Amino acid sequence: MKKTLILRVDREKPDEERIGLAAEIIRRGGLVAFPTETVYGLGADALNPHAVREIYLVKKRPLDNPIIVHVADKSDVYRLAKNVPKQAEMLMDFFWPGPLTLVLEASDIVPRITTGGLSTVAIRMPKHKVALALIKASGTPVAAPSANLAGKPSPTMVEHVIQDLYGRIDAILDAGPTRIGVESTVLDLTGEVPQILRPGGITYEDLKRVLGRVSIHPSALAKSKIYVKHARSPGMKYRHYAPKAEVILVEGETDLIVEKIRELAKQYVKAGKKVGILATDENVGKYEVGAVKSLGSRKDLSTAAKNLFRLLREFDEEKVDLIIAEGLPQKGLGLAIMNRLRKAAGYNIITVG
Ligand code: TXA
Ligand code: MG
């Protein structure tokens with residue numbers, strides 16, 4: 001087991017010495033978990049193939065699932081990408097720093113292990129003072145997937161990182177819970193029309209306003225597993241965000257969702273199962289059996305996004321056998337939330353109404 005250093009830093013005024021210590025670890029090829037505005041990331045020098053290899057090993061991540069490269073300066077994009085289209089520049093001006101990841105043709109300096117063997121590279125500039133300070137002090141772009149074991153819900157609190165990775169990585173920068181709670185939007189700019197590969201913190205509506213034309217990859221919307229021959233985003237292929245418990249997602253009209261969940265919960269409890277219900281404020285009082293947790297109001301999707309992964313992990317800690325989740329509207333952040341819930345459910349979805 002490794003000795004994992006936990007470095008507490010202020011999210012607004014990160015201590016320079018501690019950031020320096022973490023940056024030194026990155027420069028030497030080590031692994032540092034750090035907060036971003038979306039979720040915690042597990043960082044390594046993106047240009048050092050040995051360091052990036054360690055990320056895959058520690059996370060138990062399949063080697064063909066590429067890793068996002070984080071930058072603190074737009075000029076780095078011109079080193080990491082072969083060509084930077086006008087649209088990319090426009091999006092960077094509009095949304096960076098922020099939860100938008102751009103997929104571009106990779107330049108020769110990017111190791112193939114970082115891109116999971118693809119010819120493209122995914123780049124983003126996080127909107128978090130600790131992340132930006134770490135990248136700057138490291139003097140190199142930082143490759144970072146979410147700092148969880150592969151397949152588990154992403155970490156929105158330092159406790160989640162500790163649960164999954166303590167003793168396996170060199171250091172953790174702790175700056176408290178993350179603000180957004182779902183990961184960045186991954187947007188592919190290598191095709192004719194910009195395409196959302198993974199919905200996230202920057203919404204489809206936001207992108208449409210700036211780009212005019214933007215498509216969504218069918219697998220990001222799919223209610224059932226669709227066969228993708230050459231996955232544009234290899235992450236699409238794997239089961240994700242999955243707590244240990246089985247998850248059933250109920251979608252449709254709200255009153256009917258509640259009715260269905262009441263019925264299912266009773267049925268499973270009768271069969272001796274420990275049932276968790278992932279509900280919303282409007283409906284928490286309507287369930288008679290099961291451990292009920294609320295994501296927040298149905299009208300406040302940013303709060304729901306922030307709570308999602310934490311609540312999935314809480315159900316696991318309480319050792320429920322089954323989580324039944326209310327579906328949410330798919331507008332704004334709802335698209336990202338529903339994408340994560342569908343994957344957590346392994347496409348175990350019931351549509352009512
Ligand atoms: O908010 C986030 O994006 C967080 C924080 C830490 O920045 N990071 C994150 O990384 O969620 P990860 O590795 O958990 O998810 C990255 C996603 C995966 O679905 C991966 O397949 C996709 O981005 N991706 C990475 N590089 C790609 C590329 N070159 N082409 C297509 N998809 C790519
Ligand atoms: Mg991840």
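Me: Hi! What do the buried residues of H5 pack against?
Reply: Hello! In this predicted model, they pack against helix H1 (16-27), strand E2 (32-34), strand E4 (69-70), strand E7 (142-143) and E8.

Me: Nice, and which residues of H5 are the buried ones?
Reply: Val130, Ala131, Leu132, Leu134, Ile135 and Ser138. As for spacing, an α-helix has 3.6 residues a turn, so residues three or four places apart point the same way.

Me: Why does serine 138 count as buried?
Reply: Its relative accessible area is 3%, and buried means under 20%, so serine 138 qualifies.

Me: What does serine 138 touch, leaving out residues up to four places away in sequence?
Reply: Serine 138 touches Ala23, Ile26 and Arg27.

Me: And what follows H5?
Reply: Glycine 139, with a positive phi near 70°.

Me: Switching to the surface: which residues gather in the patch of positive charge?
Reply: That patch brings together Arg11, Lys127, Arg179 and Lys306.

Me: Where is arginine 179 found?
Reply: Arginine 179 sits in the loop between strand E8 (171-174) and strand E9 (185-188). With a relative accessible area of 47%, arginine 179 is partly exposed.

Me: Which residues make the nonpolar surface patch?
Reply: Met1, Ile6, Ile162 and Tyr166 make it, and the patch covers about 440 Å².

Me: Is methionine 1 buried or exposed?
Reply: Methionine 1 is exposed, because its relative accessible area is 87% and the cut-off for exposed is over 50%. Methionine 1 lies in the segment before strand E1 (5-8).

Terms used:
Residues are numbered from 1 along each chain as its sequence is written. Chains are lettered from A and ligands numbered from 1 in the order in which they are written. This is a predicted model: local features need pLDDT of at least 70, side-chain atom pairs count only at pLDDT 80 or more; totals for chains, interfaces and linings use all residues. Side-chain values use heavy atoms; hydrogens and water are left out. Patches are made of residues with over 30% relative accessible area and no salt bridge: like charges are joined within 9 Å, nonpolar side chains (Val, Leu, Ile, Met, Phe, Trp, Tyr) within 5 Å. Accessible areas come from the Shrake-Rupley method with a 1.4 Å probe; for residues, only the protein chains shown count as cover. A salt bridge is a side-chain nitrogen of Lys or Arg within 4 Å of a carboxyl oxygen of Asp or Glu. Lys and Arg count as positive and Asp and Glu as negative; His and the chain ends are not counted. The place of a charge is taken as NZ of Lys, CZ of Arg, CG of Asp or CD of Glu. Helices (H or I, at least four residues) and strands (E, at least two) are DSSP runs, numbered from the N terminus. Buried means under 20% relative accessible area, exposed over 50%, partly exposed in between (1.4 Å probe, protein chains only). Contact means heavy atoms within 4.5 Å.
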